[in-house]
Amino acid sequence: VYPQLEVIEGDFLKLDLDGIFDGRFAVIGNYPYNISSQIFFRILDYKDSIPVVSGMLQREVAQRICAGPGSKVYGILSVLLQAWYDCEYLFTVDENVFNPPPKVKSGVLRLTRNTTTDLGCDERLFKTVVKTSFGQRRKTLRNSLKPLIRAKADREGWNEEQLAEFTADPVFELRPERLSVEDFISLTLKLA
């Protein structure tokens, strides 16, 4: 019925995706709730080959992925995925539709690859800045990013006055959930 459809059974985290696919492919599924975040980090590694992602996962994770700046659930996955994908939370699936019912509600989302081909900054440093910022999400960026700020100061050979001038930028007074993807790109350029 669907000659172009090929179903591959396996552990997505362990599959040799380059060996299976030689072009673009979609990732669609009912994602295991205990490893859904790992699945989405792996999707990011293949973002140039995966134009569409859709599926059901734990509602809170789906909401986190699709949350915008200022939301309490906005975090690492929100920023990293939204840098490369348009993320849509489609609907909630009540636990009572399953037998046996799980202890959590589910959410269905769709990610569509956006037109971004380059962030305009070092992508590895961008990931580090995002992860480090949210690693201590209740702290201001001045405190959570202290190791990266110190590394920049050491590279540049700054004295304490120059370091203080650098960290006087108002962005360092913010907490990470206030920053958009574009703000994190600017911050990455600042810390490069």
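## Ground rules

This is a predicted model, so residues are numbered from 1 along each chain as its sequence is written, and local features need pLDDT of at least 70 while side-chain atom pairs count only at pLDDT 80 or more. Totals for chains, interfaces and linings use all residues, and side-chain values use heavy atoms, with hydrogens and water left out.

## The sheet and its helices

Let's start with the sheet. It is open, has four strands in the order β1-β2-β4-β3, and its pairing is mixed. Strands here are DSSP runs of E with at least two residues, helices are runs of H or I with at least four, and both are numbered from the N terminus. Two strands count as paired if DSSP finds at least two bridges between them. β1 (27-30) and β3 stand at the edges with a single partner strand each, so one side of each has no neighbour in the sheet. On average, neighbouring strands are turned by 20° against each other, direction ignored.

Strand β2 (residues 52-58) runs antiparallel to β4, and seven bridges join the two. Within that pairing, V52 stands opposite T112 in β4. Helix α2 (residues 36-45) packs on the sheet and touches β1, β2, β3 and β4, with its direction at about 165° to that of β2. Helix α4 (residues 76-84) packs on the sheet too, touching β3 and β4, and its direction makes about 120° with that of β3. For these angles, axes are lines fitted to C-alpha atoms (for helices, over the stretch in contact), and angles run from 0 to 180 degrees between N-to-C directions. Touching, or contact, means heavy atoms within 4.5 Å.

## Salt bridges

Side chains of opposite charge can pair when their charged atoms come close. Counting a salt bridge as a side-chain nitrogen of Lys or Arg within 4 Å of a carboxyl oxygen of Asp or Glu, the model has twelve. One of them joins the side chains of E88 and R110, at 2.9 Å from N to O. That pair links distant parts of the chain, with E88 in strand β3 (residues 85-93) and R110 in strand β4 (residues 106-113), 22 residues apart.

K105 forms a salt bridge with D94, the closest N and O atoms being 2.6 Å apart. Both D94 and K105 lie in the loop between β3 and β4, so the pair ties together parts that are eleven residues apart in sequence. K105 also bridges to E95, at 3.1 Å between the closest N and O atoms. Through shared partners, D94, E95 and K105 form one network.

Y2, L5 and V7 make a nonpolar surface patch of about 380 Å². Patch residues have over 30% relative accessible area and no salt bridge; nonpolar side chains (Val, Leu, Ile, Met, Phe, Trp, Tyr) are joined within 5 Å, like charges within 9 Å. Areas come from the Shrake-Rupley method with a 1.4 Å probe, and for residues only the protein chains shown count as cover. Y2 sits in the segment before α1 (17-20).

## In and after helix α9

T188 is found in helix α9 (residues 181-191). T188 has a relative accessible area of 1%, so it is buried (buried is under 20%, exposed over 50%, partly exposed in between, with a 1.4 Å probe and protein chains only). Leaving aside neighbours within four places in sequence, T188 contacts C121, D122, L125, F126 and V129.

A192 lies in the segment after α9 and is partly exposed at 47% relative accessibility. Not counting residues up to four places away in sequence, A192 touches L125, K152 and R155.
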